[in-house]
Amino acid sequence: MLETVEIEPTFASWRVKARELLEGGVSPEDLIWRDRSCGQEDLFGEVAPVPMRVRELNFTVPKAFFPLAETVACHSAENRWALLYRILWRLTHGKERQLLFVSTDDDIRRASYLAKEVRRDCHKMRAFVRFRKVGESESGREQFVSWFEPMHHIVRYNAPFFQKRFTGMDWSILTPDECAHWDGEILSFSEGVSPQEAPNGDALEELWRSYYKSIFNPSRLKLKAMQAEMPVKYWKNLPEASLIQELAVKASIRRDRMMERETKAPTPAPKNLYLQRLHHQNTVPAVRETDAVSMPETLEEMRELASCCRACPLWDRATQTVFGEGNPDAEVMIIGEQPGDQEDLAGHPFVGPAGQFLNEALREAGLDRKALYVTNAVKHFKWKPAGAIKGGRGPRRLHDKANRAERKACRPWLLGEIARVKPRVLVTLGNTAAESVIRPGYRILKERGEVTGPNEIGFEGRIIATVHPSYLLRLRDGDERNAARERWIEDLKIAADALG
Ligand code: URA
């Protein structure tokens, strides 16, 4: 007979129960797992206790299971508890000790997928939570609040990140699921709050300003009562993806400038970047206080964030975002147009035929690809089906040129890459890259070579504009292609010489 197990929807609660059941030898097939949440007792009535079939069993669970299980537990999929218990059972009673490494196994595949979705949600929360200052504590600590709507139950799991990064300020992150609060000493949690009852942002701030001091102390926090008087606003923290990215990148550039000034500042600034910004508010251009949160600090974080980019419609038909890669301290950055068919599938720039052609030319010009950073002006593959062009047939995806809006939407990523890698030389390949970096309407065949005068992105190093390898690959005439290739290598040599 099937037995129903009700648990609090937390990893800790599942873990206790799972251990009990495992020790009792209760097989996964005999169980139905349910979340114990509001009103559920009424729906399902009394839950029969699970009978224990006590067994003498000595089992150990592979260590790697716990981080996976803890992550999967945050997912909102109803069947996550059953899935985790099944895996646990197989690892112990089924003696499938290597199960976690069998990536083709259905249970492991599903668990990995859920874990990935949770991590992605966590990352979005880290990138897009926007704190608003609502006051100061009696001891002078600044107090902030933010609203966020996660897809999964990640507040508890993700809160230590915010505690670490924003340790110097008091904050609350409110979500419909659960709220997290930090007062400099204690990280605490309270029930979720409802977005439907939300007034507008200003009203929220006003209300928070007047209530915050009295309610912030977690031991005094009475969210239910508070909500009655002070409904929480649903305030969209992602007004528009492209705008956020642009702000984020600008913020990072400003932050980098701040860091430079910081080295000259007479008084030491706090370590926390956010506090550094406040510290410098009198000496640097005003910075929105929320920007620090939205800007990933590292290329890796940017890459992860870019994987969710929806700033233009290209993401929809592409397999994935193809972010730049290579030496993070490169002196030369190569900027192509957009990923091609193979790059789109592989997730790496310049790995198809154009990439091979480029690699050889770089070598001949005296540039080692491993020492460079290689990226594209547009990070998604834009394509049309072969059948869409006259005389075309078959399932092939044909490259389609990105338009101005798409280039513009993607530019913050490129700016972010440049701000982090800090190359001395940019090499643009083809018209699209040149138009993104130098100016719209730049015609590579007429104006190629070293760029003089202002450029679209305010880059202060050297810029070499040259043709795209695909242009050379399209030239049918062998002599013409050879000559064009020679000239191309001459352009690349300017970049190589610039380093010498
Ligand atoms: N063409 C490009 O411009 N970039 C790539 O990554 C591949 C082909």
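## Two buried aromatic residues

Tryptophan 14 and phenylalanine 65 are both buried, where buried means under 20% relative accessible area, exposed over 50% and partly exposed in between, with a 1.4 Å probe and protein chains only. Their rings form a tilted aromatic pair, 6.3 Å centre to centre with 45 degrees between the planes. Rings of Phe, Tyr and Trp (its six-membered ring) pair if their centres lie within 6.5 Å; planes under 30 degrees apart count as stacked, over 60 as edge-to-face and the rest as tilted. This pair links distant parts of the chain, since tryptophan 14 is in helix α1 and phenylalanine 65 is in helix α3 (residues 65–72), 51 residues apart. Helices (H or I, at least four residues) and strands (E, at least two) are DSSP runs, numbered from the N terminus.

## Basis of the model

This is a predicted model, in which local features need pLDDT of at least 70 and side-chain atom pairs count only at pLDDT 80 or more, while totals for chains, interfaces and linings use all residues. Residues are numbered from 1 along each chain as its sequence is written, and side-chain values use heavy atoms, with hydrogens and water left out.

## Other rings

The count of aromatic pairs comes to 12. One of them is stacked: phenylalanine 11 and tryptophan 14, 6.0 Å centre to centre and with 25 degrees between the planes. Both residues lie in helix α1 (residues 11–23), 3 residues apart, about one turn of the helix, and both are buried. Ring pairs join Phe11, Trp14, Trp33, Phe65, Phe66, Trp81, Tyr85 and Trp89 into a cluster.

## Charges over rings

The charged end of arginine 156 sits over the ring of phenylalanine 189, 4.3 Å from the ring centre. Arginine 317 lies over the face of tryptophan 383, at 4.0 Å from the ring centre. The rule requires NZ of Lys or CZ of Arg within 6 Å of the ring centre and within 35 degrees of the ring normal.

## Helices α12 and α15

The axes of helix α12 (residues 299–306) and helix α15 (residues 404–421) come within 10 Å and cross at roughly 170 degrees. The contact (heavy atoms within 4.5 Å) involves Leu299, Met302, Leu305 and Ala306 of α12, and Trp413, Gly416, Glu417, Arg420 and Val421 of α15.

## Asparagine 482

Asparagine 482 is in helix α19 (residues 478–499) and counts as partly exposed at 48% relative accessibility. Asparagine 482 and leucine 472 are 10 residues apart in sequence and 8.6 Å apart in space, C-alpha to C-alpha.

Definitions and conventions: Axes fitted to C-alpha atoms, helices over the stretch in contact; angles between N-to-C directions.
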